[in-house]
Amino acid sequence: MQNDLVRRVAAEFFGTFWLVFGGCGAAVLAATFPHTGIGFVGVAFAFGLTVLTMAYAVGHISGGHFNPAVTVGLWSAGRHVSELVVPYIIAQVVGAIVAAAVLHVIASGQPGWVAGGFASNGYGDLSPGKYSLGAAALTEFLATFFFLFIIIGSTSKGAAAGFAGIPIGLGLTLIHLITIPVTNTSVNPARSTGPALFAGGAYISQLWLFWLAPLAGAVIAGLLARWLYEPESIAGTIVVEERRVA
């Protein structure tokens, strides 16, 4: 049991590390490099691809959450045991912080580089489009709600087996395409925490929203899923033993 827990949290650590390093790394290193970078679209696909690739790499070990909101949302949907909620969230946050630290070391290797927002999330003056607190909160709530809706639906009984990583990864891509101008897209408290610690100051002071809104959206989605994806009743069966006469 202990070995299984270690494997699970290790998978969540590496998955979240890859999400932050790949997604935020695309934003910090490649979005505007040098003047014709990958832009919003490229960053959106980078985040989606991190989840898609890690879903197949370690999803069979831990379930492939890589996000405290996903863990809490699946728990509220009855898809995740209570004992694993805190260990998963700790592994995810640590993975995000380590990834942000590695990304900071790499980015600072460029002469004259300035961290700036360091791909952090924000509202008001820290929002890419200067969107208000209310707009940012609603955006993060709805985006996380539908992200969990996609995750739960694509992993439910009756969904195409073995293909869940594709709609989940593309769903995260779509969410980024919509919401980057508003909040720089969180839907993931761990992803928000890692970069904010290095951007510092006001970004840290706004971090509360990027825990509260995603977690609220995830819990509501999980509770709704309990009704929408109601477990099928199990019919009783009689097993007849075959007896052979020698």
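Analyst: Buried means under 20% relative accessible area, exposed over 50%, and partly exposed in between, using a 1.4 Å probe and protein chains only. This is a predicted model, where local features need pLDDT of at least 70, side-chain atom pairs count only at pLDDT 80 or more, and totals for chains, interfaces and linings use all residues. Residues are numbered from 1 along each chain as its sequence is written, and side-chain values use heavy atoms, with hydrogens and water left out.

User: How many of the 11 residues of helix 7 are buried?

Analyst: Helices here are DSSP runs (H or I, at least four residues), numbered from the N terminus. Helix 7 spans residues 189-199 and is largely enclosed by the rest of the structure, because its buried count is 8.

User: Which residue caps the N-terminal end of helix 7?

Analyst: Look for a side-chain oxygen 3.0 Å from the backbone nitrogen of Ala-190. The residue that supplies this oxygen is Asn-188.

User: Are the rings of Phe-17 and Phe-21 stacked or tilted?

Analyst: Rings of Phe, Tyr and Trp (its six-membered ring) pair if their centres lie within 6.5 Å; planes under 30 degrees apart count as stacked, over 60 as edge-to-face, and the rest as tilted. Phe-17 and Phe-21 sit 4 residues apart in helix 1. Their centres are 5.9 Å apart and their planes at 20 degrees, so the pair is stacked.

User: And Phe-198: buried or partly exposed?

Analyst: Its ring pairs with that of Phe-118, 6.1 Å between centres. Phe-118 is in the loop between helix 4 and helix 5, 80 residues from Phe-198. With 31% relative accessibility, Phe-198 counts as partly exposed.

Definitions and conventions: Helices (H or I, at least four residues) and strands (E, at least two) are DSSP runs, numbered from the N terminus. A polar contact is a pair of N or O atoms within 3.5 Å; within protein, one must be able to donate a hydrogen and the other to accept it, and residues adjacent in sequence count only if both atoms are side-chain atoms.
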